[in-house]
6 protein chains.
Amino acid sequence: MKNNNQNEIIKKAEVLTEALPYFSKYVNKTVIIKYGGNAMGDESVLKTILQDVAALKMVGVNPILIHGGGPEINAMLDKLNIKSEFKNGLRVTSKEAMGVVEMVLCGKINKQIVSTLNTLGAKAIGLSGKDSELIKVEKLDDGSGVDYGYVGRIIKINSDILNTLKQDYIPVIATVGVDKDGNSYNINADIAAGAIGGALAAERLLFLTDIDGIRKDEKDPKSLISHITVGEIKKMIKEGTISGGMIPKVNACCEAINSGVKSVEIMNGTIPHSILLELFTVEGVGTMVTN
Amino acid sequence: MKNNNQNEIIKKAEVLTEALPYFSKYVNKTVIIKYGGNAMGDESVLKTILQDVAALKMVGVNPILIHGGGPEINAMLDKLNIKSEFKNGLRVTSKEAMGVVEMVLCGKINKQIVSTLNTLGAKAIGLSGKDSELIKVEKLDDGSGVDYGYVGRIIKINSDILNTLKQDYIPVIATVGVDKDGNSYNINADIAAGAIGGALAAERLLFLTDIDGIRKDEKDPKSLISHITVGEIKKMIKEGTISGGMIPKVNACCEAINSGVKSVEIMNGTIPHSILLELFTVEGVGTMVTN
Amino acid sequence: MKNNNQNEIIKKAEVLTEALPYFSKYVNKTVIIKYGGNAMGDESVLKTILQDVAALKMVGVNPILIHGGGPEINAMLDKLNIKSEFKNGLRVTSKEAMGVVEMVLCGKINKQIVSTLNTLGAKAIGLSGKDSELIKVEKLDDGSGVDYGYVGRIIKINSDILNTLKQDYIPVIATVGVDKDGNSYNINADIAAGAIGGALAAERLLFLTDIDGIRKDEKDPKSLISHITVGEIKKMIKEGTISGGMIPKVNACCEAINSGVKSVEIMNGTIPHSILLELFTVEGVGTMVTN
Amino acid sequence: MKNNNQNEIIKKAEVLTEALPYFSKYVNKTVIIKYGGNAMGDESVLKTILQDVAALKMVGVNPILIHGGGPEINAMLDKLNIKSEFKNGLRVTSKEAMGVVEMVLCGKINKQIVSTLNTLGAKAIGLSGKDSELIKVEKLDDGSGVDYGYVGRIIKINSDILNTLKQDYIPVIATVGVDKDGNSYNINADIAAGAIGGALAAERLLFLTDIDGIRKDEKDPKSLISHITVGEIKKMIKEGTISGGMIPKVNACCEAINSGVKSVEIMNGTIPHSILLELFTVEGVGTMVTN
Amino acid sequence: MKNNNQNEIIKKAEVLTEALPYFSKYVNKTVIIKYGGNAMGDESVLKTILQDVAALKMVGVNPILIHGGGPEINAMLDKLNIKSEFKNGLRVTSKEAMGVVEMVLCGKINKQIVSTLNTLGAKAIGLSGKDSELIKVEKLDDGSGVDYGYVGRIIKINSDILNTLKQDYIPVIATVGVDKDGNSYNINADIAAGAIGGALAAERLLFLTDIDGIRKDEKDPKSLISHITVGEIKKMIKEGTISGGMIPKVNACCEAINSGVKSVEIMNGTIPHSILLELFTVEGVGTMVTN
Amino acid sequence: MKNNNQNEIIKKAEVLTEALPYFSKYVNKTVIIKYGGNAMGDESVLKTILQDVAALKMVGVNPILIHGGGPEINAMLDKLNIKSEFKNGLRVTSKEAMGVVEMVLCGKINKQIVSTLNTLGAKAIGLSGKDSELIKVEKLDDGSGVDYGYVGRIIKINSDILNTLKQDYIPVIATVGVDKDGNSYNINADIAAGAIGGALAAERLLFLTDIDGIRKDEKDPKSLISHITVGEIKKMIKEGTISGGMIPKVNACCEAINSGVKSVEIMNGTIPHSILLELFTVEGVGTMVTN
């Protein structure tokens, strides 16, 4: 042995022995990584996430990155002096606003991610829901009588292009939907990630957020739940243990499982290399949701 | 025979007999269509062009559409109050301006074309030169000592992604280049089309412009040249018969031929269905350039 | 545009736009062309038919040509002083006569068609029902007590050889049947064409005749029917609207549809390039029969 | 052991042990069998030859049968009162005579052989040199100034169709040639067999004749030569040991070897099952010619 | 014809004509040959058996050789002074004894057979039931309360390795079983051969013994049965016609048929080339058992 | 993060990030592991080695294990009272002794390793140099005039069987050689491992020994050399820095490199999980030899 002390060697051997069985488990399997929301702005966090994604590709896993927008969209809407109204918690989206959202999401954020992955040695391809009609939607009608404008409800995932690309490339998907006439729509990125994962029967779907996962007691960080089933989630919502902003997130998890994803994880994407730790260690990070 | 008169029937049979041999010639072959510049704004022209492109795909040809920007880019630069300076006929491009160019080109124009092709029954995928580092560039240095900012010179085409897609999809390429550090660059769309055509050993490269082709006498529309060689072009430039704004265009033709495209056409894209007429009739339209 | 006037260009573009969707429809599909009977003698008609067949092959369609005999058979029977007797409208066929029929059909007519197709740039292969037992028959027994000699009823089509050849060659089939002991039999060429079409699940079966199709009123050329179903044919026979020599022809159409051909056409093969017009124009020629 | 006596068992085991290595030698290999001339008329001989050919196919060898005409051609020419003239030992062939030759060869003899092979359980396909232009010829000009009419010299073998068929079918080839305009020609069947064998790089070419092979002393049946080289043949011709009617036959052997056949055999086809004995026993029958 | 007399030629042709149809029957089919027991010691018998096995491989059959031990095992147990006890006719096998059995079977006999096959031009691979857990067993418990030690009952055949090898190699299998913890077990070689044959849906399983087959009357050599069904065997056991040491052998035959082998043969392996005679002659040798 | 402290997490992430690039490097590559000699007896060491080998297989590497004998061979020779004589440092091997060596090596040690790998979830196949004539040898003649008996010199590696197996199985090779007559020979296991590695163009060859590697100063454990070239080794031997028992080992390394192995490692196999540490950490263990 060269310059390592004996302890470190034993430690390394243990981590390797622990990680090895997971590699074979994920080789040639599809792993969806959804990243977005508040954490979107932090460049250093994004960097380690993309490093992990590129590393996954190199060991033979097929990662697919799905992203939403971030502060840049609002900044551009402001610059162009386009105002937004919110109804029932949803942004009412005009054609003009949707044009700006799409332009920033597909022409700026998506291409930056693609470019960074490429400089890390991967071969990434940027897609929006318009490409090959990947995310087909119809205008949202929630029965409330409110016209939300260009806000869509996903009706079909055309996953052919992902099957074509996933072996040799990393698809990076901007969550814009398209209707039958070719119009662009705002969609919920978590729901889109679940629907795409379902269409591909993905092995894993990782929601990279800025929280550690689901807690038994929202206020106690030590009450983090490692593993939960869809049934248990529904019970916790009913009992009010899960509430507020957490509800849409866990609902997205449940929908993903129902549409065919094998397991979904709510996890803290700001921990460096959280993806590798989740996939290749026994303990993992965050809360795993399964059936 | 049903409702056609006899003459019309004979005429139809003639066109079909004429067209048939060309079909087998182009099936499974790559045909690059470059569209851009002034004509970019006219929606009805774009519509018949995209109809032809979709029709080509349906008969088994592999079309690839390459587009530049148009009036929308300048409109957005104006709205955002970004000024451009021109030196030696080239737009000096700041990082900020390049960001806007890329955003409009990749996030708006490219996605609109993709979406229209999809509504016509094709399966189109939008790409920029950043995707899988399709168009690798370095900063332009023309020896004049002028710093043009983010204006690039193409150094490599990574055509893998096009080979992966071209059988089942129509790739639609926004001509943005990327350097080794992932920065975006303005590039000449004609040169990009030629380089991509060369990398794919394309059967045909069609430059859809708003002129009919090369004329022996620039002022005489009847002097249109049907076929010309690279050698003859060089001679005509030397003699001054080809001059002015035509020179960069014919130079792009010559570079495309040199890089491996079998034949290049300068043709009038505003003639309805000019692509079909060019590919499937004996006479064709425009000026064909070969070695 | 070069030497065409503007109108002609628009016309051509229209024909091409009309024809294109049909190309993709027929590529790699099997189209059976049955040619025979009275028209068999006219060399110039045969020439444009074979040109169309060769052209189909070139654009990726898989045509199969099925032919009967013609005046040459009777001429040879006369020269060799072999007499024929007719009973119930069928030629009673002696072993000696059958030998002559087969010899002329397979050794003369079939090889001439093959040879002409080859000079047109196609690769044709001549077959009879004996090759690989393509058309297996048994001796006809119509219950009338008449012995028709070597007249056969088709009991099986061995289409393997056609599947082997149809991709790269044009099979040209002389309609001679073979029984389990290797004897040759006279068969109805229309029925044979339908049975072969059914065995191959052919996309189209074109009966090239010297009439325009089925008429509502036999005496009124303007009453030509464009499209008719098997059910409607049966009704028209019952009502007496279809009668006489037309009945065996339409019955052959119905049998072909029943055995699996997608659509059958009775059409006038003497119209130049009638095959192209039928396959690649909206209106087509003749009467189409479907289920 | 059941009903065999001990000696017979040992004998059988010996023949099997002797034959086995040859099977693997010929599996998937092309063996050309040329049959024709005088022996053509004897039905019982033909029967055991075709049994052997069918048996070869069943054990995985790819036999190709090439035949000339026989007494039937002259009988038909007589019946139709067509006279033939001979010059320099070659039949001067009129267009009319050639028509009859082709008709009998392709429409009668060829189809009979095909039919018999099929009843023996093989799948045979009859071909003439016209099919897919298998045997391309030009008019013979031997420099003597004599016009032999439709007598051809082979200029090209288009063996594609044989490669397509030989795996699953037994091609049975009537030796008629075709020129660039589609005309039929009389050709030497031995030369045709050699040229086809060469084009396919055949493992073996068997000339089934009615003589036992080449003799050292033409009058002494015990002087049969088992194996001879092209060089030795040339020497024997020079010395006059091989003379007369034997010369064209041995010349055909030499040409076959030169064009790429691995070994050629002159053998007595009238010995029952001579083909099996030649291929699967150590001693074989006849005279083998190699380089 | 060369040096053979006429009679011998006819005889040879007959054997070949008889053998040919069988070749195609067995090409690419799996034939299991079980050899063992008393005959194991005779080197000259083994030699002709291995010659036949190598010859089968050469003609495209896929033979698999399964062998038990022989006198060498007892000799080695004696040398090492290891005693064996028998209970209920089975050798009680200690761990120590099993180690010796395995060592001799896999390290000596198996490798000698492999080596001899290789010198005969085949490519043989030696396997035991441990390789890739080919023969998975559990400790035998026959309900008698006796502990037989390392005597196993087969519970699973992992035939993957045989499917991988059988095309290009001759697998030679020493009948040692392995339990879930990797321990070695003594097993009945006949039962193992049947189970392996069943797992591979073998065409034939040949038990090479030193008797001629099953007799109607055990004492009358002329009463040999050529063909018998599983049902008839059961009846003969019940009636006492089959008795004593023959019972386990015929039971192994019945089990093999039940597990999926198409036909099983009890035959005399000491007849030279008995395998070839069985497979390639109409009469065969021994008694064939089928369903 | 669940129960790990922050430091441990960072440590794990580091090891994973370090290991990941190596996985893709070795996937589908051949890694030869040679184990033998003194360390052969220690069961616990063997266990962690086989665990690593099984783990390699699971992550898509193709390991091949090559082993020599150990104390068991001498124990058996003693029991059977077979004496050995040594000349020039080589064991003179009688036929009788060789039989025992082969029996223990192939029938005992090899099968135990195979069995252990199988219980670890891998599919292992035991081979000796006799199987498919994997290791072809001739009798050693070192020019000294001494007859060493059955001691062989490797003349050819027939690696076909390894290419067939390595994708799905772990080949475990007992180093016995075979001559053209099928006789068994004693061979140097290190040389055999190098020759096999060369024949397969192996990525890595790991010599698992009980020393840490090559030292600059034999007496100073801190002078371990991490990387050395063949040229440097030769120089060190010449200078006497490498001497004694180390010389044959480093010579085997050099021969392996010369025959085509990409890199060879002398390393301490008694360090737990040394194989994983060598392959998947930057520092590795032992001394690497390359060209």
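Two salt bridges are counted between chain A and chain F, a salt bridge being a side-chain nitrogen of Lys or Arg within 4 Å of a carboxyl oxygen of Asp or Glu. The model is predicted: local features need pLDDT of at least 70, side-chain atom pairs count only at pLDDT 80 or more, and totals for chains, interfaces and linings use all residues. Side-chain values use heavy atoms, without hydrogens and water, residues are numbered from 1 along each chain as its sequence is written, and chains are lettered from A and ligands numbered from 1 in the order in which they are written.

**Interface of chain A and chain F**

- In one salt bridge, the side chains of A:Lys12 and F:Glu18 meet at 3.1 Å, N to O.
- On the side of chain A that touches chain F, at least two residues come from each of α1 (6–26), α2 (43–58) and α9 (274–280) of chain A; helices are DSSP runs (H or I, at least four residues), numbered from the N terminus.
- The most is given by α1(A), with 13 residues.
- Chain A brings 32 residues to the contact and chain F 34 residues, where contact means heavy atoms within 4.5 Å.
- The buried area between the two chains is about 3300 Å², with 71% from carbon and sulfur atoms; this is the accessible area (1.4 Å probe) lost by two parts on being put together, summed over both.

**Aromatic pairs**

- Over all chains there are 21 aromatic pairs, in which ring centres of Phe, Tyr or Trp (its six-membered ring) lie within 6.5 Å, with planes under 30 degrees apart counted as stacked, over 60 as edge-to-face and the rest as tilted.
- B:Tyr26 and B:Phe280 are edge-to-face, because their planes stand at 75 degrees, with ring centres 6.1 Å apart.
- B:Tyr26 lies in helix α1 and B:Phe280 in helix α9 of chain B, so the pair ties together parts 254 residues apart in sequence.
- Both B:Tyr26 and B:Phe280 are buried, that is, under 20% relative accessible area (1.4 Å probe, protein chains only).
- In chain F, F:Tyr26 and F:Phe280 form an edge-to-face pair, at 6.1 Å centre to centre and 75 degrees between the planes.
- A cluster linked by ring pairs holds A:Phe23, A:Tyr26, A:Phe280, F:Phe23, F:Tyr26 and F:Phe280.

Terms used. Buried < 20%, exposed > 50% of the residue type's maximum accessible area, 1.4 Å probe, protein only.
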